[in-house]
Amino acid sequence: MKLRNPQRKYLIVILIAIGAILLTNYSVSYIVKKKIVTVLSENLLKEYTASVDKVEFKLIRRSLSFNGVKFVPKSEVVSDMVENKGEVNSVDNITLKSLELKGIGIFNLLFSKKISINTLSFNDLFIRKIENPNLVIEKDKKNKPKPINLDSIKVTKLGGLVIDNLEFVDLMYQVYDVSKSEITFQNSPVSFNSSGVKLVEIEENLFKLLPSQEIFKIEDVQLEFEKKNYSLSLDKLVLDFKSQVATINDFSFKPNISKFDLAEKYTFNDDVFDVTFQEVNVYNFNLIKLFKENAFLLDSVAINGLDLKLFKDKRKPFNMDKYVGLPHINLQNSSKVINVPLVSVKNSHLTIEEQLENKDTLFSLTINDINAKIQNISTIPEFTQNPITVNIDANLMNEAPLHVVMNMPLKKGQHTFYFSGELGQSEFELYDAALYPVLGLKILSGEIDKMQFSAKANNTSSSGNMTMLYHNLEATVFKSNSLERNKFLSWSVNHVVRKSNPNKKGKVKEVEMQFTRDTYKGLGNYIWKTLQSGIVNTISPTGKDKKK
């Protein structure tokens, strides 16, 4: 079939256009690849090499892809780390199957030198941190690279940059310890989308990095920590840069195997965590100072609907080499800049469960309907003149009203802190789940009318006073590992313990509280053991009375 002249012209135009597009695609791909490799080589730290396998530019789709991107530490750097020498104790090995720039604004780039990108997509990004925690590096401030100033980034021959959306597909992060030759942390691949970023020119050749929108949002994040046997999920993370409010909705951090199986994997009787909360709001956050200066500065944090479950298998030994610092002393010794004037907790719950030696029943303690305020968490000298104050209102074992006040100094070297509180009216039977597994003591009857306590404590010991008013206490003791009643011990308990306070003559027994701290255990255990000494002194006829 012979083509007419007009048809030939159209065909030639089409072929020329196709050829021009293909030539443009090839030329841009070649030039960009060469330029990118040059820029990376000039700007990378001396410990790394960089490479890009292939660059593809597609004019019709307005997209640019970088395939096979690698930032790899030099082999001699890793070898030095393995041999406990060298100038660094950690490096990152970063590989990326492809980095795609989708929806590039060609005309903006040509006429105003502004780069606009609809979506920047990271596909199969794998970050592997290689570290040697045993290698100590002398800090030399002169050789330390300066952090990037996100408020003043120097870029030449550019009118601006806007990336509307960020997309992460199968992101993985891994930590490899060369001293142990093992992976110490790894998550399963995670995918999520978020709003993007932009570079805004503040003066010639100087730009400020900002979010592309006033509201930055990440939704539906599901993360598996394979080595730790935990799963993390959150429905939504929203950063409102205009009002400076960060919000996290429907967060959970749970074991992905049963709590019993996970505790069995531990060498020591470490806690198994199960944490959920409905919402957390962080007010007046400052991300620039956090990333740039490692300064944690906020106005307040509001936590709503926290449900914290802790499980411990106490058939396992304690880690006697572990040291757990008290919160206020940790702040006194911290080199970080921290200031959080207020943390409020509402509608929250705490459950503590323990598997005890030779016991079939779990120890269980619940604190429900927690509403708390923690004020003045700070390391800034101006604010450390005042203490941390803690006010808690809750229900113990679902029913007994509990009020606790704490006062913890922040001045350097002042370790003594104070706590006091009151427990309202409740039946002794409420505490069966806590008393029976530990003592084999089952409460048959009795009622607490009121308990009041006050104490002071430091890093080594605590002391204080308690008044527990109660009446008609009667209990049964069961034989170890059996539901059979121990009649002799039950008779002894009911004839030896003080059944009421005040006694029949109306005399009220006020007792001492004392405890020597186990430094491998935390603050909660410290306070509980102090209170326990007061309860024992009250019920026991040989308990220490309050000093006159």
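Rings of Phe, Tyr and Trp (its six-membered ring) pair if their centres lie within 6.5 Å; planes under 30 degrees apart count as stacked, over 60 as edge-to-face and the rest as tilted. In this predicted model, local features need pLDDT of at least 70 and side-chain atom pairs count only at pLDDT 80 or more, while totals for chains, interfaces and linings use all residues. Residues are numbered from 1 along each chain as its sequence is written, and side-chain values use heavy atoms, with hydrogens and water left out. Searching the whole structure gives 14 aromatic pairs.

**A stacked pair**
- Phe122 and Phe168 are stacked because their ring centres are 4.9 Å apart and their planes are at 5 degrees.
- Phe122 lies in strand β4 (residues 114–131) and Phe168 in strand β6 (residues 160–177), so this pair ties together parts that are 46 residues apart in sequence. Strands (E, at least two residues) and helices (H or I, at least four) are DSSP runs, numbered from the N terminus.
- Both Phe122 and Phe168 are buried; buried means under 20% relative accessible area, exposed over 50%, and partly exposed in between (1.4 Å probe, protein chains only).

**An edge-to-face pair**
- The ring centres of Phe241 and Phe285 are 6.0 Å apart and the planes are at 70 degrees, so the pair is edge-to-face.
- Phe241 counts as partly exposed because its relative accessibility is 24%.
- Phe285, at 5% relative accessibility, counts as buried.

**A cluster**
- Tyr173, Phe185, Phe225, Tyr230 and Phe253 are linked into a cluster by ring pairs.

**Charges over rings**
- The charged end of Arg128 sits over the ring of Tyr176, 4.5 Å from its centre; this requires NZ of Lys or CZ of Arg within 6 Å of the ring centre and within 35 degrees of the ring normal.
- Over the ring of Tyr526 sits the charged end of Arg517, 5.8 Å from the ring's centre.
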